[in-house]
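Trainee: I would like to learn how to read a structure that is new to me, going from the overall pattern to single residues. Could you take me through it step by step?

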Amino acid sequence: MKRQDSKICAVCNRPMTWRRKWAKSWDEVKYCSEACRRNKKSPEKALGNKSDGN
Ligand SMILES: [Zn+2]
């Protein structure tokens, strides 16, 4: 797999560079900052995935 060292923020569309604090979660990083994370374009609460059973 080829490693990406830059991504585009899903909210502000700015390129963001790999950061050490993202080393473990780089694959999941979609926003450049907490502010953008809150500003994500999703009026619906799609984040709360209900887990069936356990
Ligand atoms: Zn952003």
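Mentor: We begin with a definition: helices here are DSSP runs of H or I with at least four residues, strands are runs of E with at least two, and both are numbered from the N terminus. Please keep in mind throughout that this is a predicted model.

Trainee: How many helices and strands are there in the chain, and which pattern does the chain follow along the sequence?

Mentor: The chain holds one helix and two strands, and reading along the sequence gives the pattern β-β-α. The strands are β1 (6-8) and β2 (15-17), while helix α1 covers residues 34-39.

Trainee: What share of the residues in the chain is buried?

Mentor: A residue is called buried if 20 or more other C-beta atoms lie within 10 Å of its own, and exposed if 12 or fewer do, with partly exposed in between. Of the 54 residues in this chain, buried ones make up 2%.

Trainee: Where does N13 lie, and why is it counted as buried or exposed?

Mentor: N13 belongs to the loop between β1 and β2, and N13 is exposed because 9 other C-beta atoms lie within 10 Å. In its backbone, N13 has a positive phi of about 60°, although it is not a glycine.

Trainee: What can be said of W18, its place and its contacts?

Mentor: W18 is placed in the loop between β2 and α1, and it counts as partly exposed because it has 14 C-beta neighbours inside 10 Å. Leaving aside residues up to four places away in sequence, W18 touches D5, S6 and W26. The C-alpha atoms of W18 and C32 are separated by 9.9 Å, and these two residues are 14 apart along the chain.

Terms used. Residues numbered from 1 in each chain as written. Predicted model: local features only at pLDDT ≥ 70, side-chain atom pairs only at ≥ 80, totals over all residues. Contact = placed C-beta atoms within 7 Å.
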